[in-house]
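Please brief me on some local features of this protein, in plain terms.

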Amino acid sequence: MKNHLTVTFGNEQHPSLFYWFDAFSFDSLKTCIEKRFKLPKDSLEIFYQNNVLDDKGFLNLYKKRLQNHVELKVKCTDDLIDPNMVNAQRSLALKEPGIRNIFVTDLSDTFSRSSFEFTFNNVNIDTTILDFKKCIHMEKSWLSVDKMFLLHHKAVLLDDDQLFVDLYMDGFQGFNLFHFDILLADISNEKYDEEFNRMEITIPGFEEETDDYPPVIDSDWTLNYPLLMIGSFDVKDIKLWIENQFQIPAHQQTILYENGSPISNDSIPLFWINLSSTLTPQQLKLFVFNTNDEELNAIYKRNGVRTMSPMKVTSFGNEEKVWLYHYNGVGGQTIIDFLSQTLKIPSNKFRLFLIGVWVPRNDLSPFRLNEIQFAVRADDSEVELLKILSEHGISRINTTIIQHPSKNNTICMLSLLLWGANPNSRRVCQMIGEKFDLDYFSTKYHWLQHGGEIFFRDVSVRGLKHTSGISENQVLSLYVKPNTNKDIQEICRKQVKINFLTGQFSIDLQGVPGFKVEDLKNAIYKVKGIAPHLQSLFDLKPGECELSDSMDLFLLNTWMLLESITLNLIIKPPKEVSVTLECVFHEGKMEFNMKESDTIADIKQNIETITNVPKSFVLIGRSQNHYHTPTIFYGNDDPIWSLMTKNNSVSFHVTKKVLISINGDPSTVDNAEISSHPIINYQEDTVQTIYGALQTEYKGYGLTLRFAKLPDISLKTKLKDIGERRIIFITKPPRNCIIT
């Protein structure tokens, strides 16, 4: 593979592989060498073809990294450092237990991300990644060596000649586990070399400038990126390979996922995980920027390279005048800059539209759009700007009118040119405050409404649409709620009084985490335990109907001037619910009727009455396994109505739990903290089941778990026979060996 360079230190017999992904500069290469060999970076002298290498020389090698294999030699200028130190470091690393404790994650299994652990005993200073793959195959025979690929930083494939111990020295020294990510190629052995050793990169077809309809579309042009020869998913490597093969400069390219999202140079492409369950040939898209460079255009023409078609830009409502915008990458000229420089109009005056709907600048994709519209924000006082608009036939955006919510009186009129690129209701209220010198308008206690939709403080006001044309005025309704400290103390703490059959109670508005009727109902539920859906709230005003859950509380008292709001509460009777239980310790299903306001604790009481199993040992929930035992458990206070999935009926799965205690001191077992464990497979689970699960868990903490034998309880005892007795485990710390 061409994804790495080779470094030899002194006269050592084991050269090291370093990946270009890590060694992207001369300084980063020195950092990698320092980290692996524990050699001071400032004492390193690096040679290429017997010449001392510097930053400029390394940059030239990096630019040609896919063309020639690079072999470097390293010397240490510090006379106090033994040249044999590198092999000594490797030998020392081989003695650490972590290098043999392997944890492997199969990234090609996108649904379960299957993982496994094993011990790699036959590791020595000459062991390579190929030897490691063979060991994995011995452990998991279905993982074929030929189809197995180990990943480095999820960006490059590890070379088969890579020394295993060097990877461990790069960052796993001192760890208890050596972690690897693998991918599998889903290609038959017969076609493996010819089909998998590529990645399809497509240059999409473009419309030809003809009068034909439908328009003629050029066919796609496909490049086959040799993944196994390069060994890299890094976008910078893919672009460099394209530049080497087809003379398309890397800075003139943009590569996209198959779904059209661009991949930046600094991101790690994840198409091999997101778009495939196994490592199969993938399809990417390549866009080549349009250029005025005559030499480049001649190369493109000779090689049959198509560049991006320009984006057609027209003024909103006037399609006769067309400007052509050429995209030239993230660092190139934006469409707003293009319009500003072409039309001599400040960039903050423009608004862009797609099919008549305003779109933020950040939402524009030059790879998906071939036509865009724009308009300019202008006041009547901007005479020179209006002349430019008239000369080019450019549409103009007018004014936003702010009205009182109930009286429709105009509060003020604001020009949209003040809104900024991404307007929100807070900015509008700030402008109102600036206009009238009112500080409280710049606070968070306000709402703007347009066409029945309420925009809150920091929500972008993207729902504004012009119904009669781009130059029509916008109309917004403004709601304001005071928020100064004095106002909060004197006004916002006023209460909502609730009248219902058994009397009256109050809810403090300051304690309601929201401003809608449904938030008030939830507050009533916390105080009185009345389910929100059983509450009906009515205003005391004559002729008022039931308040909807989505209604804003401040609309009952827009300026919060009243001392309190009084509402009537009518409680609906709870419905009778059919409860069905699948209980693993009871033959047949249990069925009985209960009120939807009853809780899980009430169901447990019924189970205890029927089965004589103490309710404290009963677990109720929903099952997600084939044992029909719950894996999602409900609390005693959970009401039935909150768990219902069907009208007037609900079903649960029921199992028992056993008590366990884990303690590090055998002499204090009786005082150990008691916990519980659910019985999953009621007929088959034994003490050994819990013991095995806990052993795996505690092994990760470096602890050993031992089962404490009790009368009539052994590892073979079934959990269903434990009853109310406790299962006891003792933890032991790891043994520490002192080597002198």
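**Thr128 and its contacts**

Leaving aside neighbours within four places in sequence, Thr128 is in contact (heavy atoms within 4.5 Å) with Asp160, Asp161, Gln162, Leu163 and Phe164. The model is predicted: local features need pLDDT of at least 70, side-chain atom pairs count only at pLDDT 80 or more, and totals for chains, interfaces and linings use all residues. Residues are numbered from 1 along each chain as its sequence is written, and side-chain values use heavy atoms, with hydrogens and water left out.

**The loop**

- Thr128 lies in the loop between strand 7 (115-119) and helix 4 (129-139); helices (H or I, at least four residues) and strands (E, at least two) are DSSP runs, numbered from the N terminus.
- Thr128 counts as buried because its relative accessibility is 15%, and buried means under 20% relative accessible area with a 1.4 Å probe, protein chains only.

**The strands**

- Strand 6 (residues 101-106) pairs with strand 7 in the antiparallel sense over five bridges; two strands pair if DSSP finds at least two bridges between them.
- Ile102 has Phe118 in strand 7 as its bridge partner.
- Strand 6 also pairs with strand 10 (residues 178-184), in the parallel sense and over five bridges.
- Here Val104 has Phe180 in strand 10 as its bridge partner.

**Helix 1**

- The twelve residues of helix 1 (residues 26-37) should span 16 Å at 1.5 Å a residue, and the end C-alpha atoms are 17 Å apart, which agrees; the expected span is 1.5 Å times one less than the number of residues.
- Buried residues in helix 1 include Phe26, Leu29, Ile33 and Phe37.

Note on methods:
Buried means under 20% relative accessible area, exposed over 50%, partly exposed in between (1.4 Å probe, protein chains only).
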